[in-house]
Amino acid sequence: MIQAYEMIQTEDKLPFRLLIHRLTATSSHWHDSIEIIFVLKGSISLYTNLKSHQLSENDIFLVNANQIHALHGNESNTLLVLQIPLAEAKKSIPNIDHLTFHCQSSQFSSEEQASFDQIRQIFAEMIQEVCKERSDSYLNLTSLYYKLLFTLVHQFSAPIDNLSNQPKEKHIARLTDVLNYMNTNFQTNITLEELARHVFLSKDHLSKFIRQQTGQSFKQLLTSIRLNAATKELMTTNHSVKNIAIDTGFPSETAFVKAFKEIYSASPTEHRKNDTSTPAFSFTNNSIEKQYIEIDMNEIYQHLAPFLNQTINPQDSIIHTTLPATQIAMNKPGRTANWCFQKLITVSKAKELFLAPVQEQLKETQQEIGFEYIRFHGIFDDAMHVYDENSAGEPLLNFAYVDMLIDFLLKNQLKPFIEIGFMPEKLRSSEHHHFHKKSYLSYPNDMQKWLFLVKNFFLHIEKRYGKKEVASWYFEIWNEPDIAIFWQDSIEAFNCFYAETYQTIREINPHYKIGTPGIFPFPSQPENPTVKKFADFLKNKKITPDFVSFHCYYTDNLPTNHAQSAQLPAYSSGNLHYLSAMIQMVKTLFSDLSIKEWHLTEWNSTPSHADLTNDSAYKAPFIIKNILENNVHIDSFGYWLLSDFHEEFRAPKQEFHGGLGLFTRNGIKKSGFFAFSFLKKLGSRILSQGERYIVTKSQTGYQILTYHYQHFHSIFLQEGQIAFDDPYQAFPEEKMAAIHLELQNLKAGSYRVTEHILSREYGSAMDIWLQNGAQKDLTERQIDELKLSTHPKVIQYTAKVTDTYIVQQALKPHEVRLIEMEFLV
């Protein structure tokens with residue numbers, strides 16, 4: 001229930017309050033604040049004195065302090081509201097008591113909106129600043145507040161000659177008494193006569209007073225108050241419409257329904273059914289607090305963007321120069337690194353390994369990084385021509401494409417990590433499929449034919465490549481049966497499917513490495529009942545896979561069908577240690593089994609192929625941070641994926657479209673690629689590791705890797721995909737990170753120091769593309785130029801060291817640096 005007098009409280013350090021919410025209705029009220037309403041979506045009715053104002057999208061309306069007003073939402077709407085307490089405004093405008101503001105954009109034509117656009121721009125800049133979540137945002141917000149005051153005074157103010165238009169103090173007191181009494185007693189059969197006795201006025205005098213001050217009759221005002229309370233009860237309880245009518249003082253259910261329909265153009269039941277509201281956001285410089293109803297920030301960004309003259313992206317640097325040094329003894333043996341980040345790389349589907357661009361990118365990757373295994377879907381997809389049937393329904397097998405694929409991999413020093421799947425069309429039991437190039441994902445229509453295929457596949461590859469070689473490969477059975485996209489039959493059906501496939505392979509050779517399917521549990525759902533049922537099934541059947549295959553994307557939201565997944569927003573987790581939590585949870589789920597190896601066979605910050613942060617400099621520190629923090633806990637990091645050139649979805653029209661690859665479709669290296677090349681240069685012994693750094697040594701010298709990882713800000717985490725073309729809008733304030741290391745006990749002499757810098761300026765193809773105009777259709781020449789210009793910066797010099805070498809850096813967000821020190825003389 002809205003009280004008669006609404007006191008507006010400002011947030012700490014700010015002289016105003018900024019809200020985004022959706023309006024249902026408020027009864028007549030006033031407050032000692034100036035209130036500016038910016039309608040972002042839909043329309044509302046606003047009542048001041050005896051006037052009614054209809055506001056629609058982009059309209060601006062200023063309610064003066066102590067001006068009585070009421071509001072009703074006419075349809076689904078979103079409002080941006082700024083409230084300035086009169087006491088705060090007086091600090092800057094001492095004579096504000098002698099001013100009134102006339103700011104109603106709906107009264108002017110589209111050609112007369114320039115002054116109102118100034119206010120719209122200020123609002124847009126405020127929201128943009130708030131969403132950066134900077135600790136010192138209040139400075140910029142306060143400057144925008146003063147800019148707003150200046151605009152209001154110079155463009156929209158007028159003097160009040162004798163203050164006669166201002167509500168008189170005695171009238172304010174009397175109206176407060178009237179509304180407080182009505183808000184306290186609206187549930188009873190309150191009458192005008194009863195209220196008149198309470199305020200010591202005649203019935204006629206009180207009726208005239210109410211209409212003069214609120215623009216409504218006593219009956220209309222009472223209905224408005226009751227309706228306001230009833231609407232709140234309707235949307236926050238399961239009470240029946242009849243009980244709500246009784247609870248809020250309506251004489252009957254019919255009277256309530258009639259009053260409700262006049263405002264909302266729908267019955268209470270229809271309104272309750274169609275409303276999916278949940279608490280929304282109140283923006284401040286320090287936090288985001290849920291206040292009213294859920295809003296689509298993506299939509300708000302898109303709406304406000306046209307009012308911004310330019311993208312505001314200040315490089316705010318905060319360097320902690322007093323950061324104490326971390327002292328590292330360089331003459332210690334250190335601990336063995338046992339790096340596993342070069343164990344595994346991934347492509348989407350087996351057939352893609354025949355594509356020339358993918359082969360070229362894979363060869364380049366092997367030359368610069370050198371992975372040991374490669375994982376892919378679809379070895380049994382129809383595109384591989386493995387399975388067919390004759391007219392009698394008898395299986396026809398052909399492993400020619402399989403041989404060509406594996407021969408290519410072995411020639412390029414890669415062993416296959418084979419996912420057994422998917423289902424050939426002739427063996428499918430349903431139409432369920434996924435990907436642009438269809439992969440069928442059902443239980444086999446004939447289990448014996450499926451097992452015949454599996455058995456002969458293994459007999460073929462061991463005959464061609466030898467049992468010893470095949471025993472060094474990895475085989476996982478199916479992909480993500482715990483996700484509806486990849487398995488729509490019951491988990492019990494999958495368990496049987498898995499067990500029979502597993503036993504068939506074991507009977508051929510018990511030494512072949514057979515793993516679980518690639519599972520995708522969520523840390524936010526630690527029970528993960530589907531995976532738990534599978535693990536319990538393995539225990540009960542005494543089946544012990546050689547390894548667990550699992551996937552990790554920083555999200556707890558996935559689509560349930562192919563159409564949704566094509567443009568899946570990010571919806572990333574705010575957990576900075578999401579991967580660590582995932583590893584711990586997976587190991588707990590399979591704790592009853594004696595698992596030898598744990599392979600992360602798909603991994604990225606998002607499952608989306610349309611998230612611009614995938615192309616940005618963000619990916620390098622993301623990769624490095626997660627690998628360094630989790631290297632000792634698992635046996636491989638299967639980064640998903642090598643290339644944007646794949647056939648999971650239709651080919652994107654734009655080179656930089658937010659794909660998950662280390663390469664763009666035309667082979668331009670992204671910053672994530674260079675992250676792996678930096679990691680490859682690390683030594684085999686770890687001397688020290690801490691927040692944002694690691695120091696290693698090798699036979700040739702020392703390596704110091706530093707990085708500044710920055711996670712997404714809370715708005716991006718909640719809303720997913722950003723609205724602006726700039727992917728860095730997804731991150732909070734741009735503070736620099738200080739690194740201060742003292743490398744002690746070094747051998748005295750001269751060292752060749754090579755410093756590699758990977759940042760937005762160096763090694764980020766997308767940033768170079770953005771700086772050059774972000775042309776969507778790149779020519780072959782422009783692609784070649786991007787390839788040549790995209791590389792980390794390299795600085796080399798000689799340093800004379802007596803005992804200690806100081807590393808002192810101020811890293812920008814998303815920046816990575818690698819220092820190599822090689823002893824000369």
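This is a predicted model: local features need pLDDT of at least 70, side-chain atom pairs count only at pLDDT 80 or more; totals for chains, interfaces and linings use all residues.
Residues are numbered from 1 along each chain as its sequence is written, and side-chain values use heavy atoms, with hydrogens and water left out.

The secondary structure of the chain comprises 24 helices and 34 strands; these are DSSP runs numbered from the N terminus (helices, H or I, at least four residues; strands, E, at least two). Of the 825 residues, 56% count as buried, where buried denotes under 20% relative accessible area, exposed over 50% and partly exposed the range in between (1.4 Å probe, protein chains only). Among contacts with a separation of 6 or more, 76% are between residues 24 or more positions apart, a contact being heavy atoms within 4.5 Å.

Two packed helices are described by the angle between their axes and the distance between the axes. Here the axes are lines fitted to C-alpha atoms, for helices over the stretch in contact, and the angles run from 0 to 180 degrees between N-to-C directions. Helix α2 (residues 114-131) and helix α3 (residues 137-156) have axes that come within 10 Å and cross at roughly 170°. This makes α2 roughly antiparallel to α3 (angles under 35 degrees count as roughly parallel, over 145 as roughly antiparallel, 65 to 115 as roughly perpendicular and the rest as oblique). Residues of α2 that meet α3 include Phe-116, Ile-119, Ile-122 and Met-126, and those on the α3 side include Leu-141, Leu-144, Leu-148 and Phe-156.

The axes of helix α16 (residues 491-508) and helix α17 (residues 529-540) also come within 10 Å, with a crossing angle of roughly 40°. That places α16 oblique to α17. The contact involves, among others, Ile-491, Phe-494 and Tyr-498 of α16 and Phe-534, Phe-537 and Leu-538 of α17.

A search of the whole structure finds 59 aromatic pairs, defined as rings of Phe, Tyr and Trp (its six-membered ring) with centres within 6.5 Å; planes under 30 degrees apart count as stacked, over 60 as edge-to-face and the rest as tilted. The rings of Phe-256 and Phe-260 are edge-to-face, because their centres lie 5.8 Å apart and their planes are at 80°. Phe-256 and Phe-260 are four residues apart in helix α9 (residues 253-264), and therefore about one helical turn separates them. Both residues are buried. Phe-399 and Phe-457 form a tilted pair, at 6.0 Å centre to centre and 55° between the planes. Phe-399 lies in the loop between β18 (395-397) and α13 (400-411) and Phe-457 in helix α14 (residues 447-465), so the pair ties together parts 58 residues apart in sequence. Phe-399 and Phe-457 are both buried.

The charged end of Arg-428 sits over the ring of Tyr-440, 4.9 Å from its centre; the criterion is NZ of Lys or CZ of Arg within 6 Å of the ring centre and within 35 degrees of the ring normal.

His-53 is located in strand β5 (residues 51-56) and is buried, at 11% relative accessibility. Residues up to four places away in sequence aside, His-53 touches Ile-44, Ser-45, Leu-46, Thr-48, Phe-61 and Gln-104. Ile-160, in the loop between β10 (157-159) and α4 (169-185), is buried with a relative accessible area of 9%. The C-alpha atoms of Ile-160 and Leu-99 are 5.5 Å apart, although the two residues are 61 residues apart in sequence.
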